[in-house]
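Have the structure open as you read.

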Amino acid sequence: MKTQSSAIASPTIAVSTPPARGSGTLQAALGVVAFSLTFPATAWGLEGFGPWSLVAVRSVLAAVVAGGCLLALRIPVPERRHWAGLAVVAGGVVVGFPLLTTLALRTSTTAHAAVVVGLLPLTTALLSALRMGIRPSRTFWSAALAGAAAVVAFTVQQSGGALTGADLYVFGALLVCAAGYTEGGRLARVMPGWQVIGWALVLCLPLGVPAAALALAHEPVTATAHSVAGLVWVAAGSQFLGLVVWYRGMAAIGIPKASQLQLAQPLLTLVWSVLLLGEHLTPAAPLTAAAVLVCIAVTQRTRS
């Protein structure tokens, strides 16, 4: 009986153990790369789907993938005390951020919308300090503010310096996503990161299915190679796989340090917008990239 009990207990311990710090940084960075493709993929998806259809269908597809993994591995349902946090993750990163940014991208370029992720690292660090009592050093905050300022200045300059009606959607997305990241990072300390996003996606499924059916019935659909590829990526890449490695990385290196890796996300998004959408960058891009990399290096070396 003693041997059997140990065999039963050990898998729980194994899956709950966060990755090493070096591996955690790598996984968080892979999450940033996955997220950097979200805006270009969304722009592709909007070529064939309406905004409501794209958001609802991506949520359903990601939930089917996540639910299938949870079911196949016979993962037990989380304890009741974790469901409130999972609801915050679902509202922020499964519904709120995709919906608000998709609505913004109807009238905004990816370069202009990238301003949201320019401020997201700083907002996430602030919320984690309030929610979890994390107190990074002054050096960390100085580097984080400098990096955020560089990214915002670049993206505003890139978009011509003008604010648009889409900015309300963008800044709303910033707040709900930061809340979802913070709560997901907290939950990833007590359960594997892929289960955090997996259960958050499953939680949205009862609303996602009727929403997808309703949206598809009222919005025209023109399936093209671009629109289908964009839908597949935002569902499987951004909505599931990217968040899996992202939450694992946050659990290993901490929410503030992981969030600062996202300073590179707007610049990566702009590179993808050139390669995939034919948008144009200014000569300031490499200078901003260098400044951001310095700020990231400082935040990663400071002690939280």
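## Ground rules

Contact here means heavy atoms within 4.5 Å. Keep in mind that this is a predicted model.

## Where H5 crosses H10

Two packed helices are described by the angle between their axes and the distance between the axes. For H5 (residues 83-104) and H10 (residues 193-218), the angle is about 80° and the axes are 8 Å apart. That makes H5 roughly perpendicular to H10, because angles of 65 to 115 degrees count that way.

Which residues in H5 and H10 meet? On the H5 side there are Trp83, Leu86, Ala87, Val89, Ala90, Val93, Val94 and Val95. H10 brings Val196, Ile197, Trp199, Ala200, Leu201, Leu203 and Cys204. Sorted by class, that contact has 15 nonpolar residues, with no polar and no charged ones.

## The core

The largest nonpolar core holds 55 residues, and Val93, Tyr181, Ile197, Trp246 and Tyr247 touch the most other members. Helix H11 (residues 225-253) gives the most to this core, with nine residues.

Leaving out residues up to four places away in sequence, Val93 touches Pro98, Cys177, Gly180, Tyr181, Ile197, Gln239, Leu243 and Tyr247.

## Helix H13

H13 (residues 265-277) has 13 residues and reaches 17 Å from first C-alpha to last, close to the 18 Å expected at 1.5 Å a residue. Its buried residues are Gln265, Pro266, Leu267, Thr269, Leu270 and Ser273. After H13 comes Gly278, with a positive phi near 75°.

Note on methods:
Residues numbered from 1 in each chain as written. Predicted model: local features only at pLDDT ≥ 70, side-chain atom pairs only at ≥ 80, totals over all residues. Heavy atoms only, no water. Axes fitted to C-alpha atoms, helices over the stretch in contact; angles between N-to-C directions. Helix = DSSP H or I, 4+ residues; strand = E, 2+ residues; numbered from the N terminus. Parallel < 35°, antiparallel > 145°, perpendicular 65-115°, else oblique. Nonpolar A, V, L, I, M, F, W, Y, C, P; charged D, E, K, R; others polar. Expected span 1.5 Å × (residues − 1). Buried < 20%, exposed > 50% of the residue type's maximum accessible area, 1.4 Å probe, protein only. Core = buried A, V, L, I, M, F, W, Y, C linked by side-chain atoms within 4.5 Å.
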